[in-house]
Amino acid sequence: MTGNVVLDIAGLSAEFATREGTAHVVRDVGFTVRAGEKVAIVGESGSGKSTFALALLGLLDPPGRIAAGAVRLDGRDLVGLGEGALKRVRGRSISLVFQDPMGALDPIKTIGAQLVDTLRRHQPGLSRADARRRAAELLREVEVGDAERRLDDYPHQYSGGMRQRVMIAIAIANDPDIVVADEPTTALDVTTQAQILALFDRLVARRGLALLMITHNLAVVANFCDTLQVMYAGRIVERGAVDAVFERPAHPYTEALIESIPDPARRGARLRTIEGLPPDLRRLPTGCSFEPRCPVGRGRPVCRTVAPPPVPLADRGPGAFAECHFAAERAGEGAA
Amino acid sequence: MSRFLIGRLGASLVSLFGASLVAFLILRLSPGDPARLFLGPFAGREAVDALRVELGLDGSLASQYLLYIANFLRGDWGFSYSTGQPVATLIARRFPATLELGLFAFLLAFVAAVALALVAAYRRGPTDAGARAVSFFAMGVPPFWFGLVLLLVFFEALGWLPGPDGRLSLRTIPPPAVTGFVTVDALLAGDGAAFRDALAHLILPGVTLALMPFSFLFRLLRANLIDIAREPFITVARSRGLTRWWAFVRHALPNAFLPTLTASGLLFGQLLAGSVLVERVFVWPGVGALVTDGVLKQDFSVVQAFILLSAVIYVLCNLAVDLIAGLIDPRVAGAAR
Amino acid sequence: MSEAGSIAAGARPRSRSRAVLASLRRNAGFGLALVLTVVLLLLAIAGPSLWHLGPLDMDFGAPLAAPSFAHPMGTDSNGRDVFARFLAGARISLAVGAAVVVTGLIVGGGIGIAAGIGGRVLDTVLMRIVDALAAFPPLILAMAITVGLGVGLTTAAFGIMLSCVPFFARLMRADILRIRALPFIEASVAVGVGRWRIVGRHLLPHTAPTMLVQCASVFGYAILTLAGLGFIGLGAQIPEPEWGAMITDGLQYALTGQWWLALFPGFGVLAAVVAANLLADHAQAVLGVRGRER
């Protein structure tokens with residue numbers, strides 16, 4: 001089902017310069033994504049997810065910057081490339097679906113013009129008429145009805161869900177190897193969310209592309225992705241196959257996230273919330289960054305002073321781990 | 001679309017009606033009797049009274065107003081007391097010179113403002129600070145004074161450009177008048193030397209007149225560009241394969257430009273007002289200089305005609321700009337459809 | 001983009017020294033504006049009484065004298081000291097600017113308030129009057145008034161004031177409508193706070209930032225327009241030491257070598273208008289005011 005490694009991220013760190021010091025928004029993140037794989041990054045707002053997505057495509061503008069690491073796309077490192085080289089990669093090998101379908105399309109250009117521009121930018125040999133035909137095909141592929149006519153409509157004539165379909169059409173226009181989707185369903189109602197997810201599913205299966213889904217919504221991930229990565233304070237604190245992680249989360253933060261999903265089976269039960277706020281990324285604690293909020297480790301000397309190393313959890317899929325001093329026993333606990 | 005059109009047209013008409021009332025009231029308020037002014041201090045009382053009747057000055061205020069409007073619409077704008085010529089003829093004769101200078105200045109202001117705003121908003125930092133300093137200077141400097149400074153530097157000190165001697169040097173033979181624009185007429189006549197001379201004469205007054213509209217356009221465009229550069233669709237455009245610069249030019253600029261367009265009716269007002277301030281310095285034979293001459297010679301009929309005329313031009317330009325914006329912006333056009 | 005945006009909003013360049021530099025650069029315009037304002041105010045208030053020559057004193061022995069220690073800005077064709085006239089001109093310009101701002105704010109702001117809180121009929125009538133005034137390019141309306149009422153400094157000031165009434169009225173009305181729609185006003189109405197109390201206690205204080213910015217901007221506009229009218233010959237008349245009229249007076253001598261007559265008053269106008277616009281801009285940024293007219 002899955003193929004070659006498409007995206008190989010190693011030791012990626014991104015930071016923002018602020019007046020009160022440097023904010024370490026993404027800290028030493030590394031993982032790989034294979035063709036046909038659906039990988040999720042989950043975290044609450046402020047965890048560094050969106051910055052991470054922008055950093056992947058080299059779209060981080062000052063005062064933000066990539067401090068260290070590599071983003072290898074089909075073996076080629078994108079970090080440090082100039083705009084001239086990046087523009088040939090963006091929208092061609094890697095593309096982005098943005099969270100806000102209202103603001104993500106140029107309001108004064110037709111949908112067709114924006115699709116055609118994307119196509120011809122990377123396929124200069126394509127004639128205008130052919131590009132238009134391809135654009136209509138793409139709209140049909142993302143299930144926009146009456147595609148030919150709707151090419152001449154402006155974004156404000158599309159509904160939110162339709163706009164998100166257009167965004168996806170633009171993202172897949174040049175048959176990229178990987179699509180990064182940053183909160184692609186957050187602004188949509190639940191029915192539309194499900195339709196968009198189903199569309200992604202079909203596209204991945206049909207085209208064999210890799211999908212990196214970034215969201216704050218664990219429920220979206222649960223039935224959809226293969227691999228789950230949980231991001232907290234700019235680090236990936238747990239990684240593993242979705243089912244395994246859901247069944248027995250090794251990191252207390254993951255557990256808290258899962259328990260804060262409304263569950264129809266536990267109707268009437270009080271919804272768990274995570275107390276406190278994510279840490280100040282300019283003044284990170286020396287120990288575990290989740291310690292002040294952690295129901296397991298709060299106040300424990302080891303958690304306060306020692307940053308937990310990744311604990312491999314091999315039985316939960318390739319590269320699975322959790323960064324918690326108690327990960328091994330917690331993972332075992334659930335299995336027993 | 002048609003409702004939008006009718007609405008804007010109606011608003012413009014109401015504005016024009018109000019403006020004509022204001023202009024009429026000012027005319028009535030003016031000290032002195034137009035008939036007496038026209039005939040001079042030595043004319044007899046009977047002659048003055050006769051002219052008053054002829055001019056309709058003996059009727060009620062309302063009938064005088066109607067006559068005033070009717071005369072204005074007929075192109076009967078009264079006589080210049082100092083030359084005895086019809087004001088409409090004087091203005092019509094001088095209008096091409098003002099229009100040529102105004103269009104040239106508008107072009108300069110537009111190109112400079114778009115280029116500078118684009119670079120300033122794109123690079124920010126010191127480039128932005130420098131561009132803003134230029135715009136503050138352009139906004140604060142009295143144009144007539146700046147024109148003089150330019151003359152002192154580029155004519156008097158350096159001798160690079162012609163002095164204040166109108167549209168052409170005395171020794172240049174004017175090309176046959178076809179359009180009334182000396183530059184265009186020179187080109188039509190194939191007279192390269194006259195064209196260069198006409199262009200050289202346009203530069204200093206053009207730059208001077210361009211200052212105000214430039215600073216206005218620049219500040220508006222820059223602020224809009226900086227706002228729009230933060231919009232997600234700019235990031236998305238880059239994620240589709242445009243460089244940051246081209247995302248700016250292709251997507252931020254057109255979006256920043258639309259609100260500027262609706263506000264740029266003001267530019268024409270600045271050009272009209274500016275022509276009054278600037279033309280005299282360069283002895284430019286346009287309407288503005290005609291007005292300042294009128295003031296100096298206490299020949300206010302020219303000034304009064306110009307006042308209402310400028311309101312008409314100003315309101316029509318604002319209307320045109322609104323309609324164009326309505327046609328271009330799909331959101332406005334869609335909402336009005 | 002949410003978290004990146006929130007961090008980027010407060011973010012500035014990397015090191016401390018660069019942050020200091022950036023803050024200096026950000027406020028350099030404001031600093032310049034303050035210096036210019038203080039200097040101009042001092043010159044206008046104290047200058048004329050400290051300088052030993054009056055603006056109308058003639059020295060027939062030294063007409064058109066170049067700048068020297070005795071006459072730092074030279075003399076005009078009647079031997080009047082240009083520096084003394086410059087100081088008196090500062091006083092005139094700043095006084096007219098202040099008068100225009102105060103009266104324009106009262107008249108225009110009053111119209112805006114009445115239109116904003118009054119009924120639809122009052123709103124329509126007032127705004128049509130404002131539209132009629134705004135149908136003229138501002139300088140030309142001011143010209144028209146002086147032509148109608150008679151040439152002079154006072155009528156010019158009155159014309160300029162009328163020409164800026166639309167700026168104040170439209171802005172004030174828009175601001176009142178904006179604030180009126182805010183939830184806390186609705187809440188005040190709901191709990192039965194009286195209408196005039198709401199206007200006085202809630203609406204007006206909230207329009208203060210917008211009006212402050214507009215006042216600074218109009219101050220600059222007034223000084224520039226006064227000079228323009230003086231230059232055309234519709235404002236102050238020649239012996240009067242008004243900057244615009246002084247430039248006109250100097251125009252005929254400028255290209256024959258006596259550049260100082262026209263040059264110095266122009267710097268006065270430039271300094272005053274730039275200072276006012278810089279202050280307006282700074283206030284706009286600091287107070288978070290959205291729009292302004294002119």
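**Reading the labels on a predicted model**

UniProt, in an unreviewed entry, places the feature "domain: ABC transmembrane type-1" at residues 95–325 of chain B. The model is predicted.

Reader: What makes up residues 95–325 of chain B, in helix and strand?

Author: The stretch is 79% helix and 0% strand. Its end C-alpha atoms are 27 Å apart.

Reader: Why is Gln270(B) called buried?

Author: The cut-off is 20 or more other C-beta atoms within 10 Å. Gln270(B) has 28 C-beta neighbours inside 10 Å, so it counts as buried. Gln270(B) sits in helix α12 (residues 265–278) of chain B.

Reader: Which residues does Gln270(B) touch, leaving aside those up to four places away in sequence?

Author: Met212(B), Pro213(B), Phe216(B) and Pro137(C). Phe218(B) is 52 residues away along the chain, and its C-alpha atom is 14 Å from that of Gln270(B).

Reader: How many residues does each chain bring to the contact between chains B and C?

Author: Chain C gives 40 residues and chain B gives 45. On the side of chain C, α5, α6 (138–149), α9 (195–232), α10 (243–254) and α11 (260–287) each supply at least two residues. By class, that side has 30 nonpolar, 7 polar and 3 charged residues.

Reader: How do you know that α4(C) and α5(C) pack together, and at what angle?

Author: Helix α4 (residues 82–117) and helix α5 (residues 120–134) of chain C have axes 7 Å apart, at an angle of about 145°. The crossing of α4(C) past α5(C) is left-handed. From α4(C) come Ile111(C), Ala114(C) and Ala115(C). They meet Leu122(C), Asp123(C), Leu126(C), Met127(C) and Val130(C) in α5(C).

Reader: What makes this helix contact nonpolar, polar or charged?

Author: Its residues divide into 7 nonpolar, no polar and 1 charged. Asp counts as charged, while Ala, Val, Leu, Ile and Met count as nonpolar.

Reader: What else describes the fold of chain A?

Author: Chain A has 12 helices and 12 strands. Of its 336 residues, 49% count as buried. Among contacts between residues at least 6 apart in sequence, 64% join residues at least 24 apart.

Definitions and conventions
Residues are numbered from 1 along each chain as its sequence is written. Chains are lettered from A and ligands numbered from 1 in the order in which they are written. This is a predicted model: local features need pLDDT of at least 70, side-chain atom pairs count only at pLDDT 80 or more; totals for chains, interfaces and linings use all residues. Axes are lines fitted to C-alpha atoms, for helices over the stretch in contact, and angles run from 0 to 180 degrees between N-to-C directions. Helices (H or I, at least four residues) and strands (E, at least two) are DSSP runs, numbered from the N terminus. A crossing is left-handed if the near helix is turned anticlockwise from the far one by less than a right angle, and right-handed if clockwise. Two residues are in contact if their C-beta atoms, placed from the backbone, lie within 7 Å. UniProt positions are given in the numbering used here, feature names are shortened, and annotations may be inferred rather than shown by experiment. A residue is buried if 20 or more other C-beta atoms lie within 10 Å of its own, exposed if 12 or fewer, and partly exposed in between; C-beta atoms are placed from the backbone.
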